[in-house]
Amino acid sequence: MSGPISKSDQTFLRHFSMLIAGLVLLALALIGLAMFIYSRHTISQDAALETNADAAASARIAPVGAVYAGDTGRAAMQAAKEAAAKAAAAQVAYGGTTDGKSIYDNLCHTCHTAGVAGAPKLGDKAMWSARIAQGIDTLIKHATEGYKGPDGNFMPPKGGNPALTDEQVANTVKWMVSQVK
Ligand code: HEC
């Protein structure tokens with residue numbers, strides 16, 4: 001023994017401190033790696049959350065009818081109205097005919113010829129006389145606006161075709177009434 005620390009102890013200490021240093025380096029490397037992964041992960045997730053939140057928030061706070069706001073909006077609304085009117089005019093049913101019979105043949109006959117769903121049959125006096133007694137104006141009104149009879153049967157407005165004009169409906173009702181003999 002030549003001193004307070006023996007030779008074998010010195011060797012042990014040297015190896016042991018090298019081991020400790022290695023472990024410290026490894027720990028630092030792992031910490032660095034973990035920080036790197038964590039930072040990338042949270043950044044991408046936050047970014048995604050933010051875009052979603054932005055989109056959701058703008059959707060929530062978007063003013064209703066924003067399209068029609070201000071002067072440009074008024075112009076757009078006017079244009080839309082005109083376009084709708086034009087479309088409606090172009091869609092006048094059955095070529096715009098005011099011939100009651102041809103409108104009947106195109107539409108009303110589906111219910112009124114066979115008496116489907118409680119519809120009064122065309123030309124059937126027993127089924128029509130009480131209705132005709134209401135007066136032609138009431139019949140036309142019922143055919144135009146729709147009508148639910150006392151038995152719960154339903155005459156759809158304009159026979160289910162809103163493209164019919166009031167005049168077309170009126171003429172058709174008159175023609176139907178003229179068929180009751
Ligand atoms: C989907 C079936 C259906 C179609 C299509 C239909 N109707 Fe009717 N209509 C009925 C029914 C059902 C009644 C009877 C309602 C009641 O009084 O119970 C009725 C009743 C009527 C009446 C009598 C209303 C009253 O006050 O008694 C008139 C008029 C009439 N329809 C006209 C028409 C004309 C015109 C058309 C075509 C443009 C038409 N209907 C197309 C089902 C239809």
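This report covers the iron site and the ligand surroundings in a predicted model.

## Basis

Local features need pLDDT of at least 70, side-chain atom pairs count only at pLDDT 80 or more, and totals for chains, interfaces and linings use all residues. Residues are numbered from 1 along each chain as its sequence is written, and side-chain values use heavy atoms, with hydrogens and water left out.

## Iron site

His112 (NE2) and Met155 (SD) are the protein donors of the ligand's iron atom, 2.0 Å from it. Donors are N, O and S atoms within 2.8 Å of the metal (3.2 Å for Na, K and Ca); water is not among the atoms, so sites may look incomplete. His112 sits in helix α3 (residues 100–112) and Met155 in strand β2 (residues 154–155), 43 residues apart. Helices (H or I, at least four residues) and strands (E, at least two) are DSSP runs, numbered from the N terminus.

The site is octahedral, with angles of 87 to 179° among six donor atoms. Six donors count as octahedral if opposite donors are over 155 degrees apart and all others between 65 and 115. Ideal octahedral angles are 90 or 180 degrees.

## Ligand shell

Around the ligand are 26 residues, each with a heavy atom within 4 Å of it. Cys108, Cys111, His112, His142 and Met155 come nearest. Helix α3 gives the largest share of the shell, five residues.

A polar side-chain atom of His142 lies 2.4 Å from a ligand oxygen. For Asn153, a polar backbone atom is 3.5 Å from a ligand oxygen.

How values were computed
Tetrahedral: all angles 85-135°; square planar, octahedral: opposite > 155°, others 65-115°. Polar contact = N/O pair within 3.5 Å; in protein donor to acceptor, adjacent residues only side chain to side chain.
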